[in-house]
Amino acid sequence: MSDRTAHGGSGAAQGAGAARTARPSPAADTAPRPDARRSPAPARSSREPRLRYGVSGHGGALARQRRRTALLSAAAALLLAVLLALGLGAGEVRVPPLDALRALLGIGDTADVMLVQGFRAPRAVAAIVAGAGLAVAGAVMQRVLRNPLASPDVVGVTGGASLGAVTVLATGAPAALTPAGALGGGTLAALLLAALSWRGGVTVTRIVLVGLAVQQGLAAVVNLFIVRFPAELAADALQWTTGSVYGRTWTETGTGAALVLAGIALALAGHRRLAVLDLGDESAGGLGLAPNAARLQLLLLAVLLASVAAALTGPVGFVALAVPHVVRFLAGPPTAGSLALTALGGAVLLLASDLAVLHLLPVHGLPVGVVTATLGAPWLLALMLRQLKPATAGSTTR
């Protein structure tokens, strides 16, 4: 019996020991178990590196885009300087490019300084200023109206500028007042657009439709004026309404340059509002921005830029429409840096077209607007077809 008691005691002791072994301790609960399932907390922590990698990847893409935009801007600025040197030096009296740049600054031979500053520089600077203003105006309009084909031609600005210039010519006023008439006509067209678009609410579709109507109406009036002109005035009016930088002076060019530079600075300062408008009206309102007021302000800025440019060169086509597309294709999504690149691209295009008119084409006196339209239309068509290919492929695979 003592053996059974001893055996039972030892069994009870073993059972108690087993029970104590089986009872989980606090340390055992907190210790990691290899065979245990993953808890939600480690799963969340396992996703943290992925989020971190995604942010760094996005930041890397943004940094690459900024570097690409900076390189393209530097290349455009260098190309613009080369074209300016060639344009100032080329002609019946040739001046070496470096000497032409020095003469532009008033340094060097007196004859070269007089030739460059008095005759060649105003025309070249007018082309640079007008090209930059038209390109930035087109970029702002395309983003505000959310229409890739929007330009000053669509909203009637160039039609108003043409009507103002033709009216000055019709009244027999001095030719020096023609740019002022163009500026007033473009501004009047913008006010007419705002008045007709404001009624019933400002929408993108309404602005585009009203702008098309205003443009066609003003163009019809311009054509009527040209038909009723005497022969000698009709030729001058027709050349001006096509777009030309012939006969620009420092007074016109200096005033236009100051206004265009101020407009480009305002456009760069308003880039944040453009970015907010890209999100849509509801999101913009949620972020504290009044969409209609911001849209009209930015459109007014674009109209003033286009009007000043048209006052210098007339309604030059294609620059405001296509340069923003080319910059977006090369530099990526729109940023403040790409807007500056757009200004440089417009200046390069218009100056190069004017140099082609002066020194490459066999036809003398050809308006620069004809060259920009001839060179730009095929490139714009090819660019649009190339951009449509991925969307078409994606739609067929769905």
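Me: I see that Gly 164 sits in helix H6 (residues 157–170). What makes a stretch like this a helix?

Reply: A helix here is a DSSP run of H or I of at least four residues, while a strand is a run of E of at least two, all numbered from the N terminus. By that rule the protein has 16 helices and zero strands. Please keep in mind that this is a predicted model, where local features need pLDDT of at least 70 and side-chain atom pairs count only at pLDDT 80 or more, though totals for chains, interfaces and linings use all residues. Residues are numbered from 1 along each chain as its sequence is written, and side-chain values use heavy atoms, with hydrogens and water left out.

Me: Why is Gly 164 called buried?

Reply: Buried means under 20% relative accessible area, exposed means over 50%, and partly exposed lies in between (1.4 Å probe, protein chains only). Gly 164 has 11%, so it counts as buried. Across the 398 residues of the protein, 41% fall in the buried class.

Me: What is Gly 164 in contact with, once its neighbours within four places in sequence are left aside?

Reply: Gly 181, Ala 182 and Gly 185 are its contacts, a contact being heavy atoms within 4.5 Å. Those three residues are among the buried ones of H7. Ala 189, also buried in H7, is 25 residues from Gly 164 in sequence and 9.8 Å from it in space, C-alpha to C-alpha.

Me: How do you know what span to expect for H7?

Reply: The expected span is 1.5 Å times one less than the number of residues. H7 (residues 178–198) has 21 residues, so it should span 30 Å; its end C-alpha atoms are 30 Å apart, in agreement.

Me: Why do Arg 123 and Asp 354 count as a salt bridge?

Reply: The rule asks for a side-chain nitrogen of Lys or Arg within 4 Å of a carboxyl oxygen of Asp or Glu. Arg 123 and Asp 354 meet at 2.9 Å, N to O. The rule gives four salt bridges.

Me: Where do Asp 99 and Arg 102 lie?

Reply: Both are in helix H4 (residues 97–104), three residues apart, about one turn of the helix. An α-helix has 3.6 residues a turn, so residues three or four places apart point the same way. The side chains of Asp 99 and Arg 102 form a salt bridge at 3.6 Å, N to O. Asp 99, at 30%, is partly exposed, and Arg 102, at 41%, is partly exposed too.

Me: What makes the phi of Phe 318 worth a look?

Reply: Phe 318 is not a glycine, yet its phi is positive, about 75°. Most residues other than glycine have a negative phi. Phe 318 is in the loop between helix H13 (291–313) and helix H14 (319–331), and with a relative accessible area of 12% it is buried.

Me: Is Leu 78 buried or exposed?

Reply: Leu 78 is exposed, because its relative accessible area is 58%. This leucine belongs to helix H3 (residues 40–89).
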